[in-house]
Amino acid sequence: MEVASGKSEKSLSDEKLINEFTDSEYKWGFVTDIESDDFAKGLSEDVVRKISAIKKEPEWMTEYRVKAYKHWLTLKEPKWPNVKYPEIDFQDIRYYSAPKKQPQLESLDEVDPELLRTFEKLGIPIEEQKKFANVAVDAVFDSVSVKTTFQATLKEKGIIFSPLSEALKEHPELVKEYFGSVVPYTDNFYASLNAAVFSEGSFVYIPKGVRCPMELSTYFRINAMDTGQFERTLVIADEGAYVSYLEGCTAPMRDNNQLHAAVVELVAKKDAEIKYSTVQNWYPGDKDGKGGIYNFVTKRGVCDGDNSKISWTQVETGSAITWKYPSTILKGDNSVGEFYSVAVTNNFQQADTGTKMIHLGKNTKSTIVSKGISAGRSNNSYRGLVKIGKNADGARNYSQCDSMLMSDKCGAHTFPYLEIDNNNSTVEHEATTSKVSEDQIFYLNQRGISTEDAVNLIVNGFCKEVFKQLPMEFAVEATKLLALSLEGSVG
Amino acid sequence: MSVEVQKRNPIENFVASAESVCELNQNIKLKEIQLLAKNNLLNSQFPTLKTEEWKYTNLKKLLSYDFANSSSMEKVVVSNNEIDKLKSSSFDSHLLVFVNGIFEKELSDYSELSNQIFISTISEAFESDNELVKKYFSKISMENTSFDFLNLSNFVGGLFIHIPKNVVIEKPIQILNITGNAGDISFSSSRNLIIADENSESTFVQKHVGLKGEIYFNNISTEIYVEKNGILNFYNLQLDNDDSYHFEKTDVIQNRDSQFHHYNFTFGGKLVRNDINAKLDAENIECTLNGLYIANDNQHIDNSTFIDHAKPHSTSNQLYKGILDDSSHGVFAGKILVARDAQLTNAYQNSNTILLSKEAKVDTKPQLEIYADDVKCTHGATVGQLDESALFYILSRGIPREKAKSMLIAAFAESVLSDLKIDALKNEISHLIFEHLNRDEIL
């Protein structure tokens, strides 16, 4: 009897903790008051051509957009993911918005002070990074690049790191060669849409044999009301090159759902390595599931040359709906693909995320480590594909997807697909689902650690395998994000 | 002016044969059920590669045939001598014989059994207004596909088996399912309903064998209820002809404290689809769905399991192993659903596949859908070849390569075989594995 009553008391206090933390408001929600140069809502061929015209794009790009738009019209919105959301009205979205003042600035002093304050509130350490960190920052505010730093250092090495629109002007031949080569406009509904209306993005080219001396990073922000943001990132590592690219984001609090359909393409040539890390903390909606960002992203890399490597790391704590599968096509012999992911969902968030590893070359290797944490009334799914092609002799895959459930109202799902066409390969898949056990918490309580800290500790331990893949600065931010989203929610 | 090309709809052929089955049906209630199934069949579509549950199994070839219902054809005569050869005789059992989907009383041998339990054909049971049949027949509908409707609308002679309360049947009940030699390409629908009542205990060995002749399509459905504290073991051994089609669905609903252990051994068939669905509808249930499939040539074997943990405190275990040779293709799709209420669930699933040849291929899709938080659920899947280092270890002890390989294959299969309660059956299956792979058995 005593035991029973003790337990219920405990679960009462747990419930209090859960409420405390799941009630915690999105700390970084605000609206920057800047006049926007917006399009009217709606999408048509005119809109597509207008975007292209505003960006002063070459003819072939305009045609590419129009082709993509026409193809998009023939497609239906996919319905297969394990997520639910109201029908999106694509005519109710504003496809272009840019801050009215478009500064071409050399120093921070010239930047709109309102914008600088925004960055400060977000904690994007532009100044700090300029001074201390070895990081070049390309901050994208809504759809137009505002500030690009460290260009000089990169230029010396021959590295191109610039907004896509700029790259189109300065290196049209490179962009033309690789743009859409990994994710063609025919790929899927949202990739098609993106190809038609993409507003801005980043372009990275690392020349042969160059090791990029700093972590490249972009902060994406969604700001103007009702503006879908369609980013496009293209990273090319030529033979023997190395680059680590970071992407992170926060967004202001909003009631309307905002659509984000980005495309990321990575190309790794012979002996090259690309490390792509994401920390995603967009507005997830309030605790009743109202509002929040729809994050429908197509990310794909191709290990084009022998011995190349692409590594995806993602920490997904935000967005009302996350739906993305960073994939790697292992085309070159001995190429390596990695995927490390932590996906946290709380309240009414939904995530359907995972990866695809397509083994085509010989002795290709891939590792998948996915950690899903669900709390509140959220649903968290891992969906992944490992495909071993007929000629992929000696291919090797190891996948592990663990799920942790933090309440009795949430769901955790795993949908792995293994398609093996070669007998000379080895594929292993493991998945577990569990909760933070009372024993573990009791053990830590016993040592004077509060329940809240104990849960934090356990969850961090659960995710450690992924966090250790992140660059230092991101690892710190990721730990903070995780704590903010979940801390203390013992189910 | 466009000319509409009349596309052949494979459903129509089956609907037509269902119509004649329904027409002959004497019992009003059963006829009603079958007519409804026929209409459902008419309004359904056969799955395509775009259907998620069938994405790895192409039905085009199967549906290109105009199968005739074997029940409408001349009856195939099987002698008692042949039965003796076809049945598993290494262990003592009660024998129930089906020929082309229809129960054959004369060929069966279950006089001893009929004192203990109730056995009759489903139509007889309806005829005698049996309450249980009326209550339970065709009531499990987890995910009805066109193949369910096809079976239900076309079946003629299935069995209703009721094992009453507290009855323990010592000897296994052997269901011998003989198909083929109908004279033309044909399909058979056999359908059984088994109710294992409270505290009962029984073991079934179902064996599918094919007679030489034209191509046939076997569409089998078994509904099983295991009531409180009941135990039911079901060993399914499929040895159909190499050019046959075998589609089998087993649906189980378990009541509290019950145990259901299903072992599925697949050897035969050109295209095989096994669906095993279990609903754990109360507390403290144990459920095992294990399987071993051995494929060669261009066999295609698709195993699909679904365990629905609807209530708390139950345990399920799944272990599916495949050995694929030549250009065979294996599929395993296993789904575990843990409902919101089903706290303290333990669900384990494991799928291992060995590819023995370069052309062999496997697709695996294990799925977990979990809505309760206090659960332990795991799944694992591996695909590979025979372990090189283990092979080397054996070779270094002077054992020839082929024999070493056989040893590793035997070891691989052992983990599914070891739990079988009938030793003789274990040996029989072990022997079949090597026969099917064209290897010398190691003893």
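Predicted model: local features only at pLDDT ≥ 70, side-chain atom pairs only at ≥ 80, totals over all residues.
**View 1. Helices H9 and H10 of chain B pack against each other.** Let's start with a pair of helices. Two packed helices are described by the angle between their axes and the distance between the axes. Here, H9(B) covers residues 388-395 and H10(B) covers residues 401-417. Their axes are 9 Å apart and meet at an angle of about 130°, so the two helices are oblique to each other. The crossing of H9(B) past H10(B) is right-handed. On the H9(B) side, the contact is made by B:Ala390, B:Leu391, B:Ile394 and B:Leu395. H10(B) contributes B:Arg401, B:Ala404, B:Lys405, B:Met407 and B:Leu408. Sorted by class, this contact has seven nonpolar residues, two charged ones and no polar ones.

View 2. A disulfide is a covalent bond between the sulfur atoms of two cysteines. How many disulfides does a search of the whole structure find? Over all chains, the number is zero.

**View 3. A:Ser399 sits in strand E22 of chain A.** This strand runs over residues 396-405. With a relative accessible area of 1%, A:Ser399 is buried. Which residues is A:Ser399 in contact with, leaving aside its neighbours within four places in sequence? They are A:Ile368, A:Val386, A:Glu428, A:His429 and A:Glu430.

How values were computed. Residues numbered from 1 in each chain as written. Chains lettered and ligands numbered in written order. Heavy atoms only, no water. Axes fitted to C-alpha atoms, helices over the stretch in contact; angles between N-to-C directions. Helix = DSSP H or I, 4+ residues; strand = E, 2+ residues; numbered from the N terminus. Parallel < 35°, antiparallel > 145°, perpendicular 65-115°, else oblique. Left-handed = near helix turned anticlockwise from the far one by under 90°. Contact = heavy atoms within 4.5 Å. Nonpolar A, V, L, I, M, F, W, Y, C, P; charged D, E, K, R; others polar. Disulfide = S-S within 2.5 Å. Buried < 20%, exposed > 50% of the residue type's maximum accessible area, 1.4 Å probe, protein only.
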